[in-house]
Amino acid sequence: MSIKVAEVERTFGSFTALKHVNLTVEDGEFMAILGPSGCGKTTLLRLLAGFDAPSSGTIEMDGRVVGSPKQIVPPEKRNIGMVFQSFALWPHMNVRRHIEFPLMHHQFVSKALKKNMRQRADEVLKMIKLQDLAERMPEELSGGQRQRVALGRAIAPQPKLLLMDEPLSSLDAELRVAMRGELQEIHRLTGTSIIYVTHDQSEALAMADRIVVMNHGSVEQIGTPRAIYNHPQTSFVARFVGKANLVKGKWQGSFFSPQEAPDVHWEDHGVSEILKQESVYSLRPEQIEINQGDSGIPGEVANVQYQGKDIRYTVKTATARWQVDTDLTHNFHLGESVRLSIKSNL
Ligand SMILES: Nc1ncnc2c1ncn2[C@@H]1O[C@H](COP(=O)(O)OP(=O)(O)OP(=O)(O)O)[C@@H](O)[C@H]1O
């Protein structure tokens, strides 16, 4: 299913939760909506699902207007599947019944699918890797298995669009990472368009074809994970997604001189026009070199966090605090004097 959101606003009294939102989702695309708590992700998803109507603007699905201030096509008439954070399963139904139930009741299920319900249920059980647990009741399943049942229930009727709101947030860290791979595989197998809401940038970067980054009800940037990570357009995206240091200084043509080292020239590695106009250079923690030579910006180690495969330093310089990630060969101590510079191999 292709989707077009055009100039959508949603106001609640005097509060504007969504401001001039414009985006398109291609048929079969995996789109993540990423942003901090309260930025409007769920509000947007509710509009896409048909639980709510925009205050202005339109939402089109496959070229048909399904949401506008005047008109709203209800969720059951949109051919969508949904998986939410609280993926409540039905306590009295076993796993197989969870998959078969929507096949009996979803409006868009083809006759062929209805006729071969058992076969379709087997197919879905295999996809969600629960074929051996089909007779189990929800209370007999682990958190990850339950989450897979919720997913199976949503994909069984072959919806043209899958809406997911933080579906992995109730799982523990290890399971969350494992489920990412399974979601990707299900996307590949079904070819369904997916809109996936999350506040976890690593989830969005790992799975999505494209990411919409939102802040305070507005779209900050839309792009592929690589474009969003490597070339943030705004200071918010640079900070939120890449945990970037926004170094203050002066741009002269394609060179930048940090305020704290005016004689140093950093080459432009794709810094956006908006950031240039704000006289900043966005530098991710892993793009900074830390050493004890005599060139670079002088500073003092203010915090050390050992992270297993790397070390995160906070370095205090004359006017800023920098976040720097290094490999384990570096070993600086709290209070030690260091110099910061940009890595040459960016
Ligand atoms: N029915 C409502 N009435 C008033 N304000 C609302 C309503 N629904 C949402 N809001 C406000 O709109 C803003 C966006 O809420 P939304 O739930 O979309 O955020 P979110 O990005 O999904 O956040 P989270 O990640 O915490 O779920 C919030 O400030 C919220 O308080």
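The buried residues of helix H2 are covered by elements that include helix H3 (111-115), helix H4 and helix H5 (143-155). Helices here are DSSP runs of H or I with at least four residues, strands are E runs of at least two, and both are numbered from the N terminus. The model is predicted: local features need pLDDT of at least 70, side-chain atom pairs count only at pLDDT 80 or more, and totals for chains, interfaces and linings use all residues. Residues are numbered from 1 along each chain as its sequence is written.

In H2, the buried residues are Val95, Arg96, His98, Ile99 and Leu103. A residue is buried if 20 or more other C-beta atoms, placed from the backbone, lie within 10 Å of its own, exposed if 12 or fewer, and partly exposed in between.

The axes of H2 (residues 95-105) and H4 (residues 117-127) cross at roughly 125° and come within 9 Å. H2 is therefore oblique to H4. Angles under 35 degrees count as roughly parallel, over 145 as roughly antiparallel, 65 to 115 as roughly perpendicular, and the rest as oblique. Axes are lines fitted to C-alpha atoms, for helices over the stretch in contact, and angles run from 0 to 180 degrees between N-to-C directions. The crossing of H2 and H4 is right-handed, the near helix being turned clockwise from the far one by less than a right angle. From H2, Arg96, Ile99, Glu100 and Leu103 meet Met117, Arg120, Ala121, Val124 and Leu125 of H4. Contact requires C-beta atoms, placed from the backbone, within 7 Å. The residues of this contact divide into 6 nonpolar, no polar and 3 charged. Ala, Val, Leu, Ile, Met, Phe, Trp, Tyr, Cys and Pro count as nonpolar, Asp, Glu, Lys and Arg as charged, and the others, Gly among them, as polar.

H2 also packs against H5, at an angle of about 25° with the axes 7 Å apart. That makes H2 roughly parallel to H5. Val95, His98, Ile99 and Pro102 of H2 make the contact with Val149, Gly152 and Arg153 of H5. By class, the contact has 4 nonpolar, 2 polar and 1 charged residues. The crossing of H2 and H5 is right-handed.

Several loop residues were examined next. Ser110 lies in the loop between H2 and H3. Ser110 counts as exposed, with 11 C-beta neighbours inside 10 Å. The C-alpha atoms of Ser110 and Pro157 are separated by 8.3 Å, although the residues are 47 apart along the chain. Lys129 is in the loop between H4 and H5. Lys129 is not a glycine, yet has a positive phi of about 55°. Lys129 is partly exposed, with 13 other C-beta atoms within 10 Å. His216, also not a glycine, has a positive phi of about 50°. The loop holding His216 runs between strand E9 (210-215) and strand E10 (218-223). His216 is partly exposed, with 15 C-beta neighbours inside 10 Å.

The largest nonpolar core has 82 residues, of which Met31, Ala32, Ile33, Leu163, Ile195, Tyr196 and Val213 touch the most other members. Such a core is a set of buried Ala, Val, Leu, Ile, Met, Phe, Trp, Tyr and Cys residues joined through C-beta atoms within 7 Å. Ile33 touches Lys41, Leu44, Ile195, Val197, Val212 and Met214, not counting residues up to four places away in sequence.

Overall, the protein has 10 helices and 19 strands. Of its 346 residues, 35% are buried.

Conventions:
Two residues are in contact if their C-beta atoms, placed from the backbone, lie within 7 Å.
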